[in-house]
Amino acid sequence: MEESAFVERIVPLRRKVMAASLSAGATRNEAEDIAQDVLLRFWQMRNELGRVRSLDALATRMARNMTLNMHRRRPHLSIDESKAPLQIVTTATPSRLLEEKEATEWLYRKLDELPATEHSILYMRQVERLSVRDIARILGIEESSVSTLLARARRKMLQEIERRNRK
């Protein structure tokens, strides 16, 4: 494929690639990097692109896979480590800071009281920002089960917060 044909056919896919990457959880800067990588890979395989049925589908699939791979390579914090860096930077009074610290500790205790599966699903969805589909794949369960367990965990936490606030 000539450079002019490449620019005409492939470069316009950049927007779709960025959209696919953003929808898979990338930040704007990450999506731009991934778009560049996809275009570079297309350039490297420019002589085989004539055999590809749908360049749009290939580009979006590549973007999604690259985004997921990027997230997999990123070091994940354990739940205990994710608690440690919590820092509150305010000009609040010492009593307000103590209240916030106690509230945070209470929240972590309540999270630890959740059944292991609900806790894991809630963590993967809220902290790791994984999709329901990815969580289901990781845990080897149905997506509907993930949704049910996620809703149950959220409902339990909401009830605990409401109980605490009524006191």
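In this predicted model, Lys 156 is partly exposed, at 30% relative accessibility. Lys 156 forms a salt bridge with Glu 118. The closest N and O atoms of the pair are 3.1 Å apart. This bridge links distant parts of the chain, with Glu 118 in helix 7 (residues 116-126) and Lys 156 in helix 9. The two residues are 38 residues apart. Glu 118 has a relative accessibility of 4%, so Glu 118 counts as buried.

Searching the whole structure gives 11 salt bridges. Another of these joins Arg 133 and Glu 143, whose closest N and O atoms are 3.6 Å apart. Arg 133 lies in helix 8 (residues 132-139) and Glu 143 in helix 9, so the bridge ties together parts 10 residues apart in sequence. Arg 133 is exposed, at 52% relative accessible area. Glu 143 is partly exposed, at 36%.

Helix 8 also holds both Asp 134 and Arg 137. These form a salt bridge, with closest N and O atoms 3.6 Å apart. They are separated by 3 residues, about one turn of the helix. Asp 134 counts as buried, at 7% relative accessibility. Salt bridges also link Lys 110, Glu 113, Glu 160 and Arg 163 in a network.

Thr 104 is located in helix 6 (residues 94-113). A polar atom of the Thr 104 side chain lies 2.9 Å from the backbone oxygen of Glu 100. Thr 104 has 19% relative accessibility and therefore counts as buried.

Mean pLDDT for the chain is 82, and 88% of residues reach 70 or more. Confidence is highest in helix 9 (residues 143-166), at a mean of 91. It is lowest in helix 5 (residues 79-83), at 52. Where pLDDT is low, predicted coordinates should not be read in detail.

Terms used:
Residues numbered from 1 in each chain as written. Predicted model: local features only at pLDDT ≥ 70, side-chain atom pairs only at ≥ 80, totals over all residues. Heavy atoms only, no water. pLDDT = per-residue confidence, 0-100. Helix = DSSP H or I, 4+ residues; strand = E, 2+ residues; numbered from the N terminus. Buried < 20%, exposed > 50% of the residue type's maximum accessible area, 1.4 Å probe, protein only. Polar contact = N/O pair within 3.5 Å; in protein donor to acceptor, adjacent residues only side chain to side chain. Salt bridge = Lys/Arg side-chain N within 4 Å of Asp/Glu carboxyl O.
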